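Here are my notes on this one, point by point. Have the model open while you read.

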Amino acid sequence: MHETEIHDLSDDADYAAASKQGSSIITRSDSSKQSASSDPEDAEIVYLKDNVAIHPTQSVIEGISGRLKLFKQGSSLFMTWIPYKGQSSNARLSARDTNLYTIRAVSFSDIHSIRRHTPTIGWQYVIVVLSSGLAFPPLYFYSGGLREFLATIKQHVLMVRSSENANVFLVNNFQDPLQRTLSSLELPRSLANRTPASSFPDSPSEGNLENNHISEDDNSGSIQQNNNQRQKNHDPARDISIQVLEKFSLVTRFARETTSQLFRESLDVPGSNEKRRTNWASKDHPTQATTANDVEVAPKKVPVPPDPLELDKLSLVWGQPRQHPLELQEWSIYLDSEGRILDPDALRKRIFYGGVEDNLRKEVWPFLLGYYSSDSTYAEREYAVSVKKSEYETIKNQWQSISLEQAKRFTKFRERKSLIEKDVVRTDRSLAFYEGDDNPDVRLMRDILLTYSFYNFDLGYCQGMSDLLSPILYIMKDESEAFWCFVYLLERLGPNFNRDQSGMHSQLFALSKLVEILDSPLHNYFKQNDCLNYFFCFRWILIQFKREFEYETTLRLWEVLWAHYPSEHLHLYICVAILKRHRDKIMGEQMDFDTLLKFINELSGQIDLDSVLRDAEALCVYAGENGAASIPPGTPPSLPSPDASIYQQQDDEVL
């Protein structure tokens, strides 16, 4: 095994400064010990900080303040964060919303890493990532104390700084490359160096990801280049989302090989897990899973707990049949004489059940995305389109006017431009609209993405965005209108590409809660098999199932999702519906994470959309308020607050 390089915290300026204050921390904490009635009697409070807050949404004004504590019980260190009662900074956040974020006695044995963010402007914050891969919301230190927080942890548990990211501190299990890969989706440098992309012939990037942006040769180079850049610049986050798609396409094979290596090294250890032995043997020694005649033996199945909801019956009761798409003649019924939509809710419900005819999508999609207001008239929309076109040209001119000499001194522009140009020539090129050399629509896609990177410079460009833009440009067939529809889509999905992955983590967390409500045996199975991070659903959520269906089917799915009926988080119920449809195979064949990820990827092109939408509707109706309560406020694709920017990263890391 290659050991992961580690660095002690003693060379960290923050830690060095905080270590001088260590005794005062403990003294202050001891004096507070008597007042903490909620802690166990034998608990020793070693750190206490007030005015530590979380932000349920991207709005800076919707903070929930509370008290952060570290306490020891025996030899174990625990962390709690308890919100203050009735002191949310926004009245719209109910007591239920506040209590949803309470962190109660989390042992550091269950924590994988802590990511520190110290922006030049704004509050410092940390993100605590659990061993399962899920993360708590960022904890903002309104009145300082982050250095003391890390220093106190260092005094009581084994915590070291990652060799690849100066602001990531690994707790306890830092030597486990497999867990590290599943938690952060980043390959350890030592393993990345010895595992060229050519060693992944069976990667999902071939076949299931036939339109994947990055070729395997490019993968190796881009990963290595990214690692070298981290070493050189000590860039804390370097926009993980930029590399997340191609890295995730390597996880299946990488996880299999790493797991096999770990198992081989532990085979002679007394008490080794027998199930792991069997998995290792069946994957890396296929001769043991064959008969004397070399006939492959089918996977051994085990009894599966019954579906507590009986999905087939539930869908018949709660799921409504699908309808034909909305046609032009019917569409006119929803409009008054001046072009206003008479009943927006009825229209959204109609689109949910049937979608929209292709020749009508150019007119309807801007309403669904929020680009057109439902109470706007024909004349108002025509005027708005002309104004927006002029605004688009102004933004576009910002990057078009950059000279070659300027570009030489504008690293971030060159990097983004290069990445976009690589991606657009790999996006949906099998579609007639984008096929062929020197395709003008491919150039339009490039121009729109470059313009967006200047329109929203904080978010910039991340891989996966070209997948989201492609269908919009295909339908709108107009550069300016496609751009503004894309802008409004990313107001909902932009957090999917946040540097700290908070948008993705919040959705995966909500998905785990929904599965727990709607199929507790399946949830328990994932928990027992270390699959509770739900990273196998990562691709589904990131680009809204675009790789799972044919192009035309994807268009219909997206307009159904944009209808926000019966829930704005219908995509999570679709995930649950697909998992429940395959629960017998998943549990019966005792799939581990690696096998499950491969199986999920191979479902591409095998999912019937009408059936899964009916299932998802039934699950959503059945879950009711319990389902809605399990999804934290602000979870994408929730629309942002009108009085706050949705991309206030509050970070010093800039692409």
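1. Helices here are DSSP runs of H or I of at least four residues, and strands are E runs of at least two, numbered from the N terminus.

2. A caveat before going on: this is a predicted model, where local features need pLDDT of at least 70 and side-chain atom pairs count only at pLDDT 80 or more, while totals for chains, interfaces and linings use all residues. Residues are numbered from 1 along each chain as its sequence is written, and side-chain values use heavy atoms, leaving out hydrogens and water.

3. How do helix 12 and helix 23 pack? Helix 12 (residues 344-354) and helix 23 (residues 551-562) meet at an angle of about 150 degrees, their axes 8 Å apart. That makes helix 12 roughly antiparallel to helix 23 (the cut-off is over 145 degrees). Arg 348, Ile 351, Phe 352 and Gly 354 of helix 12 make the contact with Arg 556, Glu 559, Val 560 and Trp 562 of helix 23, contact being heavy atoms within 4.5 Å.

4. Just past helix 12, Gly 355 has a positive phi of about 75 degrees. Ala 105 sits in strand 5 (residues 103-107) and is partly exposed, at 40% relative accessible area. Tyr 534 belongs to the loop between helix 21 (520-528) and helix 22 (538-542), and is buried at 0% relative accessibility.

5. Please look at the cis peptides too. One joins Tyr 565 and Pro 566, with omega about -5 degrees; Pro 566 is in the loop between helix 23 and helix 24. Another runs from Pro 636 to Pro 637, with omega near 10 degrees, and Pro 637 lies in the segment after helix 27.

6. For the overall picture, the chain has 27 helices and 10 strands, and buried residues make up 56% of its 655 residues. Of the contacts with a separation of 6 or more, 73% come from residues 24 or more positions apart.

Note on methods
Axes fitted to C-alpha atoms, helices over the stretch in contact; angles between N-to-C directions. Parallel < 35°, antiparallel > 145°, perpendicular 65-115°, else oblique. Buried < 20%, exposed > 50% of the residue type's maximum accessible area, 1.4 Å probe, protein only.
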